[in-house]
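Visitor: Could you walk me through this one? I am new to reading structures, so please take it topic by topic.

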Amino acid sequence: MAQQSRPPSETADVIELLLRTGDNTLVLGHRVSEWCGHSPVLEEDIALANSALDLIGQTQLWLGLAGELEALMNGQARTADQLAYLRDAAQFRNVLLVERPNGDFGQTLMRQFLFDAWHLELLKTLENSTHPRIAEIAAKAIKEVYYHVERSADLVIRLGDGSDESHRRMQAALDDIWSYAGELFVADAYDERLAAAGIAPNPADLKPKWEQTVLRVLSEATLTVPAGTFVHKGGKRGIHTEHLGFILAQMQFLQRAYPGAVW
Amino acid sequence: MYAQMIKTDSDRVKDLSEMSPEDRAFQERIDRGEKIEPKEYMPEGYRKTLIRQIGQHAHSEIVGQLPEGNWITRAPTLERKAILLAKVQDEAGHGLYLYCAAETLGVSRDELIGLLHSGKMKYSSIFNYPTLTWADIGAVGWLVDGAAIMNQVPLQRTSFGPYSRAMVRICKEESFHQRQGYDIMIKMAQGTPEQKAMAQDALNRFWYPSLMMFGPSDKESVHSAQSMAWKIKINTNDELRQKFVDQTVPQAKYLGLTVPDEHLVWNEEKQGHDFSEPDWTEFFEVLAGNGPCNKERLAARVKAWDDGAWFHDGLTVYAKKAETRRARQPLAAE
Ligand SMILES: [Fe+2]
Ligand SMILES: [Fe+2]
């Protein structure tokens, strides 16, 4: 395997990347799945379940590889399930954006759109990663994410440029979530080393393309980009909002209450 | 079943000789096994009964998302979460096909949903029971989807074309659901003592409600006789219940679980099991709105609808705007 010839410090960086990517899809998938059976219309129940399914499927691949690579670090591999169900909040590396509560359907949708637009740019770069296993997963995931962006952008436009009420709600959703999008583009030392090795993009470099998409869609949606530049961050370092603890309390309940049981 | 106790507006099944020429021709087509298509002649009673039946079936699929959706965020592994998500997604899809089949009879999805929300139309009694543990998700797949299949496999041959075709698509998916549910039960039954206890408890709680899904005995029912003459009901409730018990008892045995019926015994003569009837008083209480979850289930659906009103309106207004913009555009492409 290619990664075996790489220095251990690089493996640690790769694992960090995989946890960040997999935790993003896991936590967002969880949030989206909360809508199941409660969405405004049957077609949305189906579409949301579909997005959640894609995200959970991607989580299995990202976290699966992270757990596998851990064996190179300390001789002990973990499964995707162990990583998802047996880590506490401080070990989660997702951005704060994805753990924001669903709110109304507009808030869920805006969160999804801002994420999807970033997710697509990320995967476009990861598809060409020097790490073949990462490139392989990205190539698989990107097919799903093209569709996610198309769908969330389309709905943002239609609701933003819809009735007064839907416009008001979409603007409120944008205002509410905007300050959480910036964390997607904040680079730390891990990101810089990964970018230098050609394994992953420097997050900051994804911003222009993301902005292009987002500004185009928001303008078509007749929505106003909030003026504020403040960015909420911390998730990538394991400092989360209060919400993640509750997400994990639900998600991990059975694994925690019945340790070692097979399901 | 997913459609229970459907009324037909008939007080008795008419003989061919008593029918109008049109109705007789219609009945003869059905007797020959032909499919009736939406644009073709059908008696008003047939149309109305089908709307009730397909509507109730559609509502059951939709409300049925709730008890299972209840465990999606708590599913014990990523794979189980994905399987359950896919299942609940399938159920929404079933609702969609069925509402579309009903629409061919001249009733809109919104009208049917309105009737559900006002309590004028029902959904299957089974979805008024709670899913209390993860084993319940196994039991629902195994028993509830299992009971649904019993009824829906014969309905693939039903006389109304769109309903029959919807059933063909639905049945394929339902059998997956049942297998996946049974697979959860296998894991639980072979698991730790706590898991095994959960599995037994789930069977204890879901056994009789599953038997109730077929509805009370309809040997004497005019409505059933009429529906059977129209081939929108293929078997009596008792026949289906018997088949379900005969199929399920060996499966429970394989799991090492006990069916909660001390009178359950193999009857060599009838080549089937003798078993206890469910408590029909409880069944009628549940239908009357007094099941453990009636209020929550309906409230959840009504809330989803009300909270989504702005979403519907927003999309409608956008569609109108887009239409106007298109109309204003010069015919540049020509
Ligand atoms: Fe179904
Ligand atoms: Fe099903």
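Predicted model: local features only at pLDDT ≥ 70, side-chain atom pairs only at ≥ 80, totals over all residues.

Visitor: Which element gives the most to the lining of the second largest pocket?

Guide: That is α1(B), which gives three residues. By class, the lining of the second largest pocket holds eight nonpolar, five polar and five charged residues, and the space in this pocket comes to about 350 Å³.

Visitor: And how much space lies in the largest pocket?

Guide: The largest pocket holds about 800 Å³ of space. Its lining is made of 40 residues, and the closest to the centre are B:Gln4, B:Met5, B:Ile6, B:Lys7 and B:Gln56. Several elements of chain B give two or more residues to this lining, namely α2 (44-63), α5 (109-117), α6 (134-155), α9 (222-229) and α10 (237-255), and α2(B) gives the most, with seven residues.

Visitor: How does the lining of the largest pocket divide by class?

Guide: There are 18 nonpolar, 14 polar and eight charged residues in that lining.

Visitor: Changing topic, which residues coordinate the iron ion (ligand 1)?

Guide: The iron ion (ligand 1) is held at 2.0 to 2.2 Å by B:Glu61 (OE), B:Glu91 (OE), B:His94 (ND1) and B:Glu174 (OE). The angles among these four donor atoms run from 83 to 144°, and the site is irregular.

Visitor: Why is it irregular?

Guide: Four donors count as tetrahedral if all angles lie between 85 and 135 degrees, whereas the angles at the iron ion (ligand 1) are 83 to 144°.

Visitor: How far apart are the iron ion (ligand 1) and the iron ion (ligand 2)?

Guide: They are 3.4 Å apart, and B:Glu91 coordinates both ions.

Visitor: Is B:His94 buried or exposed?

Guide: B:His94 is buried, at 0% relative accessibility, and B:Glu174 is buried as well, with a relative accessible area of 0%.

Visitor: What about salt bridges, how many are there over all chains?

Guide: A search of the whole structure gives 38 of them over all chains. In one, the side chains of B:Asp136 and B:Arg205 come together at 2.8 Å, N to O, and this pair links helix α6 of chain B with helix α8 (residues 193-212) of chain B, the two residues being 69 residues apart. B:Asp136 is buried, at 0% relative accessibility, while B:Arg205 is partly exposed at 26%.

Visitor: Which residue does B:Lys303 form a salt bridge with?

Guide: B:Lys303 pairs with B:Asp307, and their closest N and O atoms are 2.6 Å apart. Both belong to helix α12 (residues 294-307) of chain B, and because they are four residues apart there, about one helical turn separates them. In chain A, salt bridges with shared partners join A:Glu16, A:Arg20, A:Arg93, A:Asp188, A:Asp191 and A:Lys236 into one network.

Notes:
Residues numbered from 1 in each chain as written. Chains lettered and ligands numbered in written order. Heavy atoms only, no water. 1 Å grid on protein atoms, 1.4 Å probe; cavity = no way out; pocket = protein on both sides within 12 Å on 5 of 7 lines; lining within 4 Å. Points joined across faces, edges and corners; volume = space filled by probe spheres on them. Nonpolar A, V, L, I, M, F, W, Y, C, P; charged D, E, K, R; others polar. Donors = N, O, S within 2.8 Å, 3.2 Å for Na, K, Ca; no water. Tetrahedral: all angles 85-135°; square planar, octahedral: opposite > 155°, others 65-115°. Buried < 20%, exposed > 50% of the residue type's maximum accessible area, 1.4 Å probe, protein only. Salt bridge = Lys/Arg side-chain N within 4 Å of Asp/Glu carboxyl O.
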